[in-house]
Amino acid sequence: MMTRAEELLSSIFGFDAFRPGQAEIVAAVAAGRDTLAIMPTGGGKSLCFQLPALMGRGVTVVISPLIALMRDQVRSLREAGVEAGALTSGNTEEETEAVFAGLDEGRLKLLYMAPERLASGATLALLRRIRTSLIAVDEAHCVSQWGHDFRPDYLRIGALKRALNVPLAAFTATADEETRAEIVTRLFDGRAPETFLRGFDRPNIHLAFQVKDQPRRQILGFAAVRKGQSGIVYCGTRAKTETLARALIEAGHLACAYHGGMEAEARRDVESRFQREDGLIVVATVAFGMGIDKPDIRWVAHADLPKSIEAYYQEIGRAGRDGAAAETLALYGPDDIRFRRTQIDEGLAPADRKAADHARLNALLGLAEATGCRRQRLLSYFGEVAEPCGNCDLCDRPPELFDGTEAVRKALSAILRTGESFGAAHLIDILTGSATEKVRDRGHDGLPTFGVGRDLPKAEWQAVFRQMMGHDLIRPDPERHGAFRMTEAARPILRGEARVTLRRDTIRGAALKPVVKTLVAEEDAPLLSALKAKRRALAEAARVPAYVIFPDRTLIDMAERRPRTLDEMAQVSGVGAKKLESYGPAFLAVIAGEAARIHPARVKLAGRAAGALFDRLMATQAELARGEDGTGKHLSCTHATLRRIAEARPATIADLERIAGLGSQKLDRFGSAFLAVLAEG
Ligand code: ADP
Ligand code: ZN
């Protein structure tokens with residue numbers, strides 16, 4: 001039996017399952033309980049108040065901090081056939097009138113409102129009159145006075161709840177204890193709401209770090225194999241955003257710069273272009289983010305090391321909110337580490353705050369210099385235990401490790417014997433026995449450590465020093481021009497009480513030839529481009545962001561399933577009843593147009609025995625798409641998969657699983673039928 005919530009999930013939003021945690025939150029909110037839900041970005045928070053709003057009577061008032069995002073959410077809901085409206089300072093008169101008409105006629109289910117509105121007495125009267133049944137607060141951490149997104153008007157929400165005496169559902173991706181406590185105090189009068197804390201994992205985001213080695217070339221290379229996909233490049237400085245954006249444009253990308261020093265209007269312009277267009281790259285400082293609600297950002301690259309593990313997690317988290325595959329790359333090098341350390345040391349924060357900032361930076365450096373699965377390491381920082389993920393660079397290609405204890409001890413000894421007064425270059429000269437003028441002038445060629453490190457080339461020594469900084473065994477001293485000091489953490493190693501494992505570097509990884517990353521199998525790529533072109537045309541005509549028509553995830557699913565009828569189209573993830581009606585025929589026509597050209601996977605098999613097999617596998621799959629009795633969940637394999645099966649002719653279920661990579665659901669559904677087809681010839 002489908003619950004009412006599941007029914008709406010499928011008929012309105014076109015999704016066939018809840019994301020983890022959504023079902024419980026929807027149930028609590030729909031039951032009228034006060035709730036606080038902490039979910040990672042991309043966890044699907046909006047649905048958790050939109051569905052209950054549709055299930056109940058009355059109007060759900062949604063408080064959200066950014067007008068542009070409210071307008072886009074309202075557009076998305078309307079496209080899905082939901083009666084929603086926004087009252088913001090950006091409204092035209094007609095828009096406002098339409099909202100009031102919808103309220104008066106009792107049609108409107110969701111009313112979005114900027115927090116500034118709460119200051120006016122008329123707002124309370126309005127919200128009483130329209131029978132507000134629920135207050136939903138998006139980005140609830142904006143009530144926190146200590147956070148960087150503080151919005152004074154959010155402090156009025158508590159009083160509003162009291163005055164209306166209705167339940168409140170608060171949503172945020174910020175999970176730290178202090179913020180949570182503040183939300184409970186300010187929004188719920190201190191009475192603990194039912195609280196949901198979702199895990200932090202974003203399994204569809206691929207994680208990768210690289211040591212800087214011609215960083216501009218690394219970023220250009222990363223972007224080049226993802227041409228046409230929307231992405232963000234984060235840079236440490238404003239100047240760099242401009243030069244890197246230019247370089248990307250010269251390389252033939254759609255790109256623009258964004259930073260806090262730009263005029264407000266120019267910034268808004270970039271935000272709205274990014275939100276609307278498909279395939280734009282924004283090269284930005286960290287100022288870019290809060291105003292971004294785009295579900296199909298396909299990649300995020302860091303041209304410089306972020307300032308903490310939290311910042312890193314938040315910035316990469318903007319990718320892949322639609323659930324389709326997304327990729328990230330963070331570049332770092334010794335200069336980044338030095339820069340971030342100095343930034344903390346020279347800041348004005350009190351000592352305990354500085355220590356905490358160093359710890360957050362250390363956690364990020366530990367992730368950068370990790371010797372095993374990065375996701376495991378990232379999640380363990382947030383207190384979660386995980387298996388190796390299979391979706392990070394170190395799972396893809398385990399690093400070469402070596403026992404670095406001896407090397408580290410030699411380096412520490414060089415540092416101590418020279419009075420903790422020098423940086424890496426000079427120390428490496430001493431270790432490798434290079435009698436430079438500086439070395440001779442200071443008599444360092446007479447030290448016992450002189451030349452003890454001849455076994456490693458200079459580049460390897462640089463990697464050792466960088467990793468020592470990364471493991472916080474040494475720190476650059478800002479008061480002595482960045483000369484290295486040994487930290488307490490290094491003492492056990494120096495005394496021979498602890499050992500340290502290092503990575504053999506890593507530069508080689510950067511030199512690997514990058515492979516073009518497409519979102520679908522090669523055979524389906526032309527169809528995906530055609531579907532995207534159709535989406536662009538429709539979005540421009542309707543003057544909405546492209547993703548409001550359909551996010552990438554939906555087009556990818558469409559390109560793989562190739563529905564031929566409206567019924568089949570309805571099975572595609574993200575195609576609800578209203579969108580099926582508005583856009584189904586247009587996209588079916590695109591698919592039919594491609595089909596007329598015969599599927600490329602089939603063309604490759606033409607005139608071969610495998611061609612006939614492919615056709616029979618297709619037919620068998622179509623018969624079983626909804627199971628033996630025709631009532632099951634829709635399943636299908638891609639054309640590329642069927643082609644592989646037709647060519648390799650597996651004889652057992654195990655072979656089928658290995659060759660086609662089918663999951664257990666599809667194996668159960670199709671496995672024995674496919675084998676029967678293959679056995680016939
Ligand atoms: P958040 O606010 O938590 O970052 P959103 O509410 O913006 O996330 O949702 C991110 C994307 O995920 C949206 O494109 C939304 O349509 C999609 N989404 C939400 N729930 C589901 C689901 N159950 N199945 C598939 N997609 C979903
Ligand atoms: Zn991993």
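A search of the whole structure, which is a predicted model, finds 16 aromatic pairs, where rings of Phe, Tyr and Trp (its six-membered ring) pair if their centres lie within 6.5 Å, with planes under 30 degrees apart counted as stacked, over 60 as edge-to-face and the rest as tilted. The search for cavities of 30 Å³ or more, again over the whole structure, finds one. Local features need pLDDT of at least 70 and side-chain atom pairs count only at pLDDT 80 or more, whereas totals for chains, interfaces and linings use all residues. Residues are numbered from 1 along each chain as its sequence is written, and side-chain values use heavy atoms, with hydrogens and water left out.

**Aromatic pairs**

- Phenylalanine 550 and phenylalanine 587 form an edge-to-face pair, with 5.3 Å from centre to centre and 70 degrees between the planes.
- This pair links distant parts of the chain, 37 residues apart, since phenylalanine 550 lies in the loop between helix 24 (546-549) and helix 25 (552-561) and phenylalanine 587 lies in helix 27 (residues 577-596); helices here are DSSP runs (H or I, at least four residues), numbered from the N terminus.
- Phenylalanine 550 is buried, with a relative accessible area of 1%, and phenylalanine 587 is buried at 0%, buried meaning under 20% relative accessible area with a 1.4 Å probe and protein chains only.
- Ring pairs also join Phe200, Tyr313, Tyr381 and Phe382 into a cluster.

**Charges over rings**

- The charged end of arginine 226 sits over the ring of phenylalanine 222, 3.8 Å from its centre, the criterion being NZ of Lys or CZ of Arg within 6 Å of the ring centre and within 35 degrees of the ring normal.
- Lysine 294 lies over the face of phenylalanine 274, at 5.5 Å from the ring centre.

**The largest cavity**

- The largest cavity holds about 60 Å³ of space, a cavity being a set of points on a 1 Å grid over the protein atoms alone where a 1.4 Å probe fits but cannot get out.
- Its lining, made of residues with an atom within 4 Å of a point, includes Phe200, Asp201, Arg202, Tyr313 and Arg375.
- Helix 12 (309-316) and helix 15 (374-381) are the elements that give two or more residues to this lining, and helix 15 supplies the largest share, three residues.
- By class, the lining of the largest cavity has seven nonpolar, one polar and three charged residues.

Key: Chains lettered and ligands numbered in written order. Buried < 20%, exposed > 50% of the residue type's maximum accessible area, 1.4 Å probe, protein only. 1 Å grid on protein atoms, 1.4 Å probe; cavity = no way out; pocket = protein on both sides within 12 Å on 5 of 7 lines; lining within 4 Å. Points joined across faces, edges and corners; volume = space filled by probe spheres on them. Nonpolar A, V, L, I, M, F, W, Y, C, P; charged D, E, K, R; others polar.
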